[in-house]
Amino acid sequence: MTPLQEFQKLIGVTPDNDFGKITLKAGIKYLKLTNEQGAHFFAQVAHESGGFRVTEENLRYSTTGLLRTFGKYFTKETVKDYAMNPQKIANKVYANRMGNGNESSGMGWKHRGFGFIQLTGFSNQSKFFQSKGLPICTDPLLISTVYAMDSAVYFFDSNNLWDICKKVNYTTIKLLTRKINGGYNGLEHRSELTNKFYSWLK
């Protein structure tokens with residue numbers, strides 16, 4: 001089963017891997033959200049995960065992409081040694097932060113982003129597992145499968161995002177996007193999805 005199908009099964013709807021009105025309404029009821037919170041949450045998650053399909057961080061960057069996205073970790077000379085090598089990139093850019101060890105520890109790759117809203121780093125992933133009553137060293141790959149949606153809920157919980165979701169309007173969507181993305185990437189698509197999902201609930 002896909003992570004979306006796992007969630008559909010959990011909330012008692014047909015696991016058809018299609019996020020429609022039935023799944024939205026059942027998901028809101030299961031998570032005990034208001035309609036406004038549900039529209040915001042599922043729209044942001046849908047955008048972040050490419051329509052509930054992507055649950056693992058894509059770190060396959062070219063030299064240009066690396067310098068644009070992770071420029072502070074590379075020079076024009078060193079970037080060539082890392083381009084198009086996701087494992088090597090992760091170990092470099094996530095070293096010595098978020099609870100990870102140094103580059104040679106391999107923790108950057110092991111604890112890369114997983115889930116519908118990607119949790120990254122040993123510390124963040126450990127806190128999530130602890131919130132589920134699981135050992136902190138549980139395989140982080142589980143966040144990309146069994147706990148893909150749970151980790152997104154945890155992200156909203158731990159970052160106090162539910163309180164932002166009181167109204168469905170552009171200002172709120174923009175603020176929420178900033179909190180999740182660190183910028184406004186995909187803002188128009190997030191807005192489109194939020195308004196569409198909210199219209200399904202009226």
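**Exercise 1. Describe the aromatic pairs around phenylalanine 128.**

The structure holds 18 aromatic pairs, where rings of Phe, Tyr and Trp (its six-membered ring) pair if their centres lie within 6.5 Å, planes under 30 degrees apart counting as stacked, over 60 as edge-to-face and the rest as tilted. This is a predicted model, in which local features need pLDDT of at least 70 and side-chain atom pairs count only at pLDDT 80 or more, while totals for chains, interfaces and linings use all residues. Residues are numbered from 1 along each chain as its sequence is written, and side-chain values use heavy atoms, with hydrogens and water left out.

Step 1. Phenylalanine 128 and tyrosine 147 form an edge-to-face pair, with 5.9 Å from centre to centre and 70 degrees between the planes. Phenylalanine 128 lies in helix H7 and tyrosine 147 in the loop between H7 and H8, so this pair ties together parts that are 19 residues apart in sequence; helices here (H or I, at least four residues) are DSSP runs, numbered from the N terminus.

Step 2. Both phenylalanine 128 and tyrosine 147 are buried, a word that stands for under 20% relative accessible area, with exposed meaning over 50% and partly exposed in between (1.4 Å probe, protein chains only).

Step 3. The rings of phenylalanine 128 and tyrosine 154 have centres 5.5 Å apart and planes at 65 degrees, so this pair is edge-to-face. Tyrosine 154 lies in helix H8 and phenylalanine 128 in helix H7, so the pair ties together parts that are 26 residues apart in sequence.

**Exercise 2. Find the salt bridges and say where their partners lie.**

Step 1. With a salt bridge taken as a side-chain nitrogen of Lys or Arg within 4 Å of a carboxyl oxygen of Asp or Glu, the count comes to three.

Step 2. Arginine 190 and glutamate 48 meet through their side chains in a salt bridge of 2.8 Å, N to O. The pair links distant parts of the chain, 142 residues apart, with arginine 190 in helix H10 (residues 187-200) and glutamate 48 in helix H3 (residues 35-48). Arginine 190 is buried, at a relative accessible area of 1%, whereas glutamate 48 is partly exposed at 27%.

Step 3. Arginine 112 and glutamate 56 also meet in a salt bridge, 2.8 Å from N to O. Arginine 112 lies in the loop between helix H6 (107-110) and helix H7 (122-131), and glutamate 56 in the loop between H3 and helix H4 (63-70), so the pair ties together parts that are 56 residues apart in sequence. Arginine 112 counts as buried at 8% relative accessibility, while glutamate 56 counts as partly exposed at 33%.

Step 4. Aspartate 150 and lysine 132 form a salt bridge of 2.5 Å, N to O. Aspartate 150 lies in helix H8 (residues 148-158) and lysine 132 in the loop between H7 and H8, so the pair ties together parts that are 18 residues apart in sequence.

**Exercise 3. Trace the surroundings of glutamine 8.**

Step 1. Glutamine 8 lies in helix H1 (residues 3-11) and counts as buried, at 0% relative accessibility.

Step 2. The side chain of glutamine 8 makes a polar contact of 2.9 Å with the side chain of threonine 23, a polar contact being a pair of N or O atoms within 3.5 Å, where within protein one must be able to donate a hydrogen and the other to accept it, and residues adjacent in sequence count only if both atoms are side-chain atoms.

Conventions: Helix = DSSP H or I, 4+ residues; strand = E, 2+ residues; numbered from the N terminus. Contact = heavy atoms within 4.5 Å. Lists of a residue's contacts leave out its neighbours within four places in sequence.
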